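User: I would like to learn how to read the features of a model like this one. Please take me through it step by step.

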Amino acid sequence: MIGRVIKGIGGFYFVHDGHDTVMGKARGNLKRNKDLIYVGDIVDFDIDDNDGDNECVINKVVERKNFLTRPPVSNLDMLVVVFSIIEPAVNYPVIDKLLAGCERIGIRPVVCISKKDLVSEDELKSVMDIYSGLYPVVSVNGNTGEGMHELMDIIRGHSAALAGPSGVGKSTITNHLAHEGEENVQTGSISEKTGRGRHTTRHVEIFALPDSTYLYDTPGFTSLDMPEMDLAEVRTLFPEFRALAGECRYNNCAHINEPDCAVKDAVREGSIGKTRYGSYLMMMEEVKKWLK
Ligand SMILES: Nc1nc2c(ncn2[C@@H]2O[C@H](COP(=O)(O)OP(=O)(O)O)[C@@H](O)[C@H]2O)c(=O)[nH]1
Ligand SMILES: [Mg+2]
Ligand SMILES: [Zn+2]
């Protein structure tokens, strides 16, 4: 049978087969390599009829679509990049780097603006407009649950994790989404179920939600590993720059000092966000430093 590993504790794995969760161990030959099974792995398993604690035995890990090492998870379809506009104030380079990291790894990013109750409609719209042509954008209020169904509809049928700075409301959103499909939305009851505090997520664990939706509950990551990259790769991670390919005077335009640059024109006209371009320049500087 085929299932997804949704939790691992001390050599035991919890495998969700689409309906139920069974607990078991890896077959002997799988165990020899350390860390061979990641939370998120799709595995081939058998139900173990022998007496004992095991309900299943894992035969094999299906080839991973992708994996991250910090936190260690695999097979993510989507990353929901969460940030508030104030409290805490948005840090565009941090957000844009997460989005660029998704582009690089091949994970679909979703932009989620939290704490919409703290800003005016106009302010919210101006930030949503920066991203709305690029990625799915949703705004949410963790106090009222506003926007949570919309976010659920975006991730439905996919495996998704929340990322973003601490304090922006990721745990609050997780609590809402984990109860999608239930009659009464009750913040805080995740901790009742799992017996741990809301703010003390230490292990990665996946919530199996309705409609084959898997929500990865991680300690929260604020950045993605960005291993060696050359300068020319940075501009490929901005979809709005890619859309203008061939429109700059120079084919290999870095969109910085070159004349007749379509990207700089778009920034001037406002069709590319100033903050997006600012994040690009910052990433270019960082890569230059690594290359030295
Ligand atoms: N005003 C407001 N506060 C929120 C909202 N969502 C979460 N918070 C508060 O922001 C704080 C941080 O939330 P938390 O979910 O722990 O953020 P995390 O660090 O990203 O997991 C908590 O005090 C929440 O009650 C929201 O939509 N509006
Ligand atoms: Mg949290
Ligand atoms: Zn250019």
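This is a predicted model: local features need pLDDT of at least 70, side-chain atom pairs count only at pLDDT 80 or more; totals for chains, interfaces and linings use all residues.

User: What does the secondary structure of the protein come to?

Analyst: The protein has 10 helices and 13 strands. Of its 292 residues, 36% are buried. Contacts can be sorted by separation in sequence: among those between residues at least 6 apart, 63% join residues at least 24 apart.

User: How should I read the strands, and in what order do the five strands of the barrel come?

Analyst: Strands of a sheet pair through backbone hydrogen bonds, and the pairing is either parallel or antiparallel. Here five strands close into a barrel in the order β1-β2-β3-β5-β4, with mixed pairing. From one strand to the next, the twist averages 55 degrees.

User: Which strands run parallel, and over how many bridges?

Analyst: Strand β3 (residues 21-26) and strand β5 (residues 56-61) run parallel and are joined by three bridges.

User: Which strand pairs with β1 over three bridges, and in what sense?

Analyst: That is β4 (residues 42-47), which pairs with β1 (residues 2-9) in the antiparallel sense. The bridge partner of I2 is D44 in β4. β1 is also joined to β2 (residues 12-16) by five bridges, again running antiparallel. In that pairing, K7 has F14 of β2 as its bridge partner.

User: How many residues lie between the strands in the hairpin of β1 and β2?

Analyst: There are two, and within this hairpin G10 takes a positive phi near 50 degrees. Another glycine to check is G157, which follows helix α4 and has a positive phi near 85 degrees.

User: Which residues of α4 are buried?

Analyst: In α4 (residues 148-155), the buried residues are M148, L151, M152 and I155. Viewed down the helix axis, they fall within an arc of 100 degrees, so they line one face of α4.

User: How many residues of α5 are buried?

Analyst: Eight of the nine are, so α5 is largely enclosed by the rest of the structure. The buried residues are K170, S171, T172, I173, T174, N175, H176 and L177.

User: What does α5 give to the shell around ligand 1?

Analyst: Helix α5 (residues 170-178) gives three residues, the most to that shell. The shell holds 16 residues, of which G142, G169, K170, S171 and T172 come nearest to ligand 1.

User: How do the residues of the shell divide into nonpolar, polar and charged?

Analyst: Two are nonpolar, 11 are polar and three are charged.

User: Now a single residue. Is C102 buried or exposed?

Analyst: To judge this, count the other C-beta atoms within 10 Å; a residue with 20 or more is buried. C102 has 21, so it is buried. This residue lies in helix α2 (residues 92-105).

User: Which residues is C102 in contact with, leaving aside its neighbours within four places in sequence?

Analyst: The contacts of C102 are then L79, I107, R108 and P109. A separate reading is the distance to M78: C102 and M78 are 24 residues apart in sequence, and their C-alpha atoms are 8.3 Å apart in space.

Conventions
Residues are numbered from 1 along each chain as its sequence is written. Chains are lettered from A and ligands numbered from 1 in the order in which they are written. A residue is buried if 20 or more other C-beta atoms lie within 10 Å of its own, exposed if 12 or fewer, and partly exposed in between; C-beta atoms are placed from the backbone. Helices (H or I, at least four residues) and strands (E, at least two) are DSSP runs, numbered from the N terminus. The arc is that of the directions from the helix axis to the C-beta atoms. A residue is near a molecule or strand if its C-beta atom, placed from the backbone, lies within 6 Å of it. Ala, Val, Leu, Ile, Met, Phe, Trp, Tyr, Cys and Pro count as nonpolar, Asp, Glu, Lys and Arg as charged, and the others, Gly among them, as polar. Two strands pair if DSSP finds at least two bridges between them. Axes are lines fitted to C-alpha atoms, for helices over the stretch in contact, and angles run from 0 to 180 degrees between N-to-C directions. Two residues are in contact if their C-beta atoms, placed from the backbone, lie within 7 Å.
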